[in-house]
Amino acid sequence: MSFRAFVAICLCKLLRGLSRVLRRGGTAMPGRWALKVCPELLSILARGVKTVAITGTNGKTTTARMIEQAFTEQGKSYFANRSGANLISGITTEFVMNSTLLGKCRKEYAVIECDEAAAVKVFPQLRPQVVVVTNLFRDQLDRYGEVTHTLENIRTALTSLREPITVCLNADCSLTASLRELHHEIRFFGIDRGAVPSGERSELSDASHCIRCKTEYEYDYITYGHLGGYRCPACGYRRPDADYAVTDIPAQTAEGSSIVLRARGKRYLAEVNLPAMYNVYNAIGAVAAVTEMGLGTEAAISAVASFKCGFGRMENFALGRVGAKLMLVKNPAGCNQVLDFLQNVKEKFVLVVCLNDRAADGTDVSWIWDAGFEKLCALSGRLEKVIVSGDRAPDMAVRIKYAGVDPRFVEIERDYEKLVTALESEDRLVCMIPTYTAMLELRETLIRHCGGDEFWV
Amino acid sequence: MELKICHLYPDVLNLYGDGGNIRCLTQRLHWRGIGASVTKMPIGARESLAGFDLVFIGGGQDFEQQVLLDDLHRGRDRELVAAIEDGVCVLAICGGYQMLGAYYETHEGERCDFVGALDLCTVGAKKRMIGNYMFRVPEELGGFTVVGFENHSGKTRLGSGVEPLGRVLAGFGNNGEDGTEGARYKNVFGTYSHGPLLPKNPAFADLLLRRALERKTGSGELSPLDDTLELMAHDEMCARLERSGK
């Protein structure tokens, strides 16, 4: 190891220690400085570590945590980064913190969530053994640009890895599955036809036309958004058969799903300890990754059944008499899934929507008009109050008004302290759907009031 | 009475919550007891544009642009020109706005011929113009401010045949240089303010509805609505842009 790398590691550890003591700055800053001193630092530290990397638009964090659960349960020596540290700077900090001063990693494995735009920088240095691409949806157009642009970024990142690795792709996403032409070992995961009743084809599809020839797709079935059994009538591009497939979903409740899955030719019954269809995708993606990392499918199934996500993803809090659910939303596809989940809530509830427009949320809030808040109207009788909050609360209130909800049921409360205090005497279930930075603040307030895990940076 | 609204190319021009504008128009009619029908005209639809009172065209991604151009040049372009000359009310946003102009030239110099209904053209620039922005429409349209979000790399220049829709107060507008934003010609309104433009600019929404109703029935009178929430969203963004402008 070079002297530069040694200096960079020392600097990074020092800055991280200081930022912890001062309770300031996140995980990104120390890594950023370290990379300035030694630009190839991550590549030095990642040498010899068996890494699984998770990227894509939605479900990165949940999939990564499910994979991590398997590593914990199997007693493996591993470390993982947190969603707030998924750029090259944050990932580098995590590697430094798990390495000796001489750059030797203390752990055998790493579970790394990677921002989809950062993959181009991260993958060549990280050289993961397995990569999972969850899906690609329209997200933060002000930051990422068009969805095909994000796809090309990931393609470039994977192409830059000369040694073949294993890449697990979502078969049901026509964009993601187009990465199949790479020189890597490709494994597909997905939900087979007949596992769920087909959804309706949305006019607001993020991928309505063939990625190869631009002809409009035909669909055998749709699970949600543009995901499902697509095929191009002109060039024959179609959904591939899945190596890791959900073949049936016998039960779906507000707590989770029972699924039948097929992996490497064997059938398994599995429980997914999180509700909603998108978590079925996260689970099957995690099963693929854990199996391909060599831990075995049984280990993966045990992990998705016992797994509790937390950190704003279907996280429960003891707030009020019934409790509160915190459900992060980031883009139309994810928001629609949460709105679908609300349709399955059987009891009366209060909805809290917090809309921020900071850099991490996306500065353009137009996307709320692509999400089907009209579905809230079908909840009359159960949904009795909507409280909007966040930097762009009035925009959210307007959205809900035009969705057809009577504005008399809509309240604006921008102070989280007051909001949570008022909800402490609530005798109905509270469902909270914040954007990313709103979630961080709201969650902190919730923990202060009702306990829970500390913010794990 | 029913206002007939056409949503042109909702399958490819739907990038930024554009549906919010249609939703806004129909709700504001509905709250006033006026009916509205929305007809979606995707790529390949062959129905005529004649007979519509209001046409909405949204913004799109580059990926589908060729699909769109092929369809336009199968006769939809001539039809749009005829409808516009006939005084049909049109709201065109971002990509849809550029599309009504004469052409688009990429930064590399590649040129695409567009509809040519409006005397304007667009040239691609390297740097994207992104962010919340604000402009004021001239007195004859009501003199109100409009807040929105722009995200475009194309720089649009207006010819002498069109008027700017407004003057930029904060942000970039047509090209970030001459202070103009959007374009206006007969009953056509083109703007870079994408996504949910109308919901938080109710004065603009009602301007479009009045124009369309006037042409259809001879009277553009609209009863007032309670716009408390809409104006709160509007005013907060105005205040934020004014603060950051100082």
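## A walk through chains A and B

Start with chain A: among its contacts between residues at least 6 apart in sequence, 70% join residues at least 24 apart. Bear in mind as you look around that this is a predicted model.

Keep chain A selected and switch to a cartoon view. You'll find 14 helices and 17 strands.

Next, head inside. Select A:Val287, A:Val304 and B:Leu208: in the largest nonpolar core, which has 212 residues, these three touch the most other members. Then colour domain 1 (3-306) and domain 2 (313-450) of chain A; both give residues to the core, so it lies between them.

Zoom in on A:Val287. Leaving aside neighbours within four places in sequence, its contacts include A:Tyr244, A:Leu261 and A:Ala263. A:Thr297, A:Ala300, A:Ile301 and A:Val304 are in contact with A:Val287 too.

Last stop: bring up both chains. Here 31 residues of chain B are in contact with 23 residues of chain A. On chain B, pick out α1 (19-30), α2 (65-85), β7 (120-136), β8 (145-158) and α5 (228-245), the elements giving two or more residues to the side that touches chain A. Colour that side by class and you get 13 nonpolar, eleven polar and seven charged residues.

Definitions and conventions
Residues are numbered from 1 along each chain as its sequence is written. Chains are lettered from A and ligands numbered from 1 in the order in which they are written. This is a predicted model: local features need pLDDT of at least 70, side-chain atom pairs count only at pLDDT 80 or more; totals for chains, interfaces and linings use all residues. Two residues are in contact if their C-beta atoms, placed from the backbone, lie within 7 Å. Helices (H or I, at least four residues) and strands (E, at least two) are DSSP runs, numbered from the N terminus. Ala, Val, Leu, Ile, Met, Phe, Trp, Tyr, Cys and Pro count as nonpolar, Asp, Glu, Lys and Arg as charged, and the others, Gly among them, as polar. A nonpolar core is a set of buried Ala, Val, Leu, Ile, Met, Phe, Trp, Tyr and Cys residues joined through C-beta atoms within 7 Å. A residue is buried if 20 or more other C-beta atoms lie within 10 Å of its own, exposed if 12 or fewer, and partly exposed in between; C-beta atoms are placed from the backbone. Domain bounds come from an automatic or database domain assignment.
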